[in-house]
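Thanks for making the time this morning. I would like to walk you through one structure, taking a pocket to begin with and then a sheet.

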Amino acid sequence: MQNDIALFSELCDILFEAEKHQPVAEPITTSQLYNQLNLSLNAEGTLDEDLKTTLKQIIKSTPKTASKSFFNQLFGGRIGKASLGDLLAVMLNNSMYTYKVAGPQVGIEKQVLKNICELAGYKKNSDGTFAPGGSMSNMMAMIMARDYENGSIGTHGLTRLMTIYTSKESHYSISKNAALIGIGRNQVRLVNTNQKGEMLANHLDLLVQKDINDGYEPFLVNATAGTTVLGAFDDIEAISKVCKKHKLWLHVDGAYCGGVIFSNNYKHLVKGLEHSDSFSVNAHKMLGTPLSCSIIITQHKAQLRQSFSNEAEYLYQTDGDDFNLGKTSMQCGRRNDALKIWTLWKSIGTNGLEKIVDKQFEMANIARAYIMKNDDYTLYSFDDSISVCFNYKDIPANELCTALYQNSELMVGFGKFNNQEFVRMVTINSVLEKEDILAFFETLEAFATKHMLKITTS
Ligand SMILES: *Cc1c(COP(=O)(O)O)cnc(C)c1O
């Protein structure tokens, strides 16, 4: 083991060098992948030296999400203390289902959940768990809402068509989960949004009323705190009033930007959160922990237990349910995702997490200001969003983003809203500073001038 730790440390140094000097790895086409890297698994093992060589090559070719050139997705960067916690979790290798095998790690998870509940404004009957990702957090919320509406479904199955409401801009996991848990994709109603991509509460009300009249059983509204493309925040307060009127479970999907609960400057974006029934947040997005670190909390502690507990005599042999976390989780054996957010939180405090969140908005503001003062750009996103959406000199966004990646310049993606396609630069990467934002535009402009503009003007 000592040798492997030494090798790990050596490989980390190689990774850090690569992040600095080749921040966007040269992409390997899928057809070349198995020719260029030795990925095969054979009857005989590999000598340590050969394994090391192969691992080095794999590291060099793997996309560098912690580099300063990564703007592609809703995560990125690396915060030392959070990585430390995750590495420790691997070495400790506990399963979070019982206090007997996880001990203080259970206390750590419960502490994180308790503090998140407080920040969300949830009352003392609240509880939560860590899910294997934001999509699964949404699924857990959907299952709780379904069972809360009708407690016999878990035993007997569905007997009526039940409907879910979510905005057109919400994450695809809502439809996928509806398919997975027997509700059916056809029973997901897509609510219209305003021109900023925020759900319209009056359209929601109309859709619910129509379904009631048509004999459906509405049970869940999903509001989004930070939509996946535009980073828009649904008006939770207005939506919660519709939910109250029709007695519907309100879930707030904060996978992307739910981290604003840490910021005194930005928590107004989730105003009314305390009226929701459940809330999910991915610490691996705004809070900068390694993947994955997905938290789902609810104000209905009993419902969490009813929906996810199952007797298992071979497993639950000591301690009370409150410390046997398998009684509230999706999985049986479950990795310790709590330690990484705890080590980070413990080391920098709630104020430090607030700074991390505020910094992302500051970076987005710098990017938007740059775009607005430059006539070659068109801006498509709005204030208070860390997804900065734009086009440059009318170059098709997908061509520009793909060319930047293929030429190892920048990793940035594109998105679409109201049929308009644009570059989506995400400023969530925790290593970014003002000069990195400006360098992004400089790189993009130089690249476009050299490689793209001839094509589009011909
Ligand atoms: C990222 C995201 C999810 C999915 O989270 P995963 O951890 O990737 O499964 C769900 N909802 C929204 C709004 C997201 O941005």
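What volume does the largest pocket have? Please keep in mind that we are looking at a predicted model, in which the largest pocket has a volume of about 850 Å³. Its lining is made up of 26 residues, and those closest to the centre of the pocket are Leu15, Thr65, Arg78, Ser83 and Pro290. If we sort the lining by class, we find 14 nonpolar, eight polar and four charged residues.

Where does this lining come from? The chain is divided into domain 1, residues 2-65, and domain 2, residues 83-343, and the centres of these two domains are separated by 36 Å. The lining of the largest pocket takes at least three residues from each of the two domains. Among the helices, α1 (2-21) and α4 (80-92) each contribute at least two residues, and the largest share, six residues, belongs to α1.

Let us now turn to the sheet. Here four strands are arranged in the order β8-β9-β11-β10, forming an open sheet with antiparallel pairing. Because β8 (377-379) and β10 (413-417) stand at the edges with a single partner strand each, one side of each is left without a neighbour in the sheet. On average, neighbouring strands are turned by 45 degrees against each other, direction ignored.

The partner of β10 is β11 (residues 420-426), to which β10 pairs over five bridges, and Phe414 stands opposite Val423 in β11. Helix α13 (residues 338-372) packs on this sheet, where it touches β8, β9 and β11, while helix α14 (residues 397-406) lies across β9, β10 and β11 and runs at about 35 degrees to β11.

Key: Residues are numbered from 1 along each chain as its sequence is written. This is a predicted model: local features need pLDDT of at least 70, side-chain atom pairs count only at pLDDT 80 or more; totals for chains, interfaces and linings use all residues. Side-chain values use heavy atoms; hydrogens and water are left out. Domain bounds come from an automatic or database domain assignment. On a 1 Å grid over the protein atoms alone, a cavity is a set of points where a 1.4 Å probe fits but cannot get out, and a pocket is an open set with protein on both sides within 12 Å along at least five of seven lines; lining residues have an atom within 4 Å of a point. Grid points are joined across faces, edges and corners, and a volume is the space filled by probe spheres set on the points. Ala, Val, Leu, Ile, Met, Phe, Trp, Tyr, Cys and Pro count as nonpolar, Asp, Glu, Lys and Arg as charged, and the others, Gly among them, as polar. Two strands pair if DSSP finds at least two bridges between them. Axes are lines fitted to C-alpha atoms, for helices over the stretch in contact, and angles run from 0 to 180 degrees between N-to-C directions. Contact means heavy atoms within 4.5 Å.
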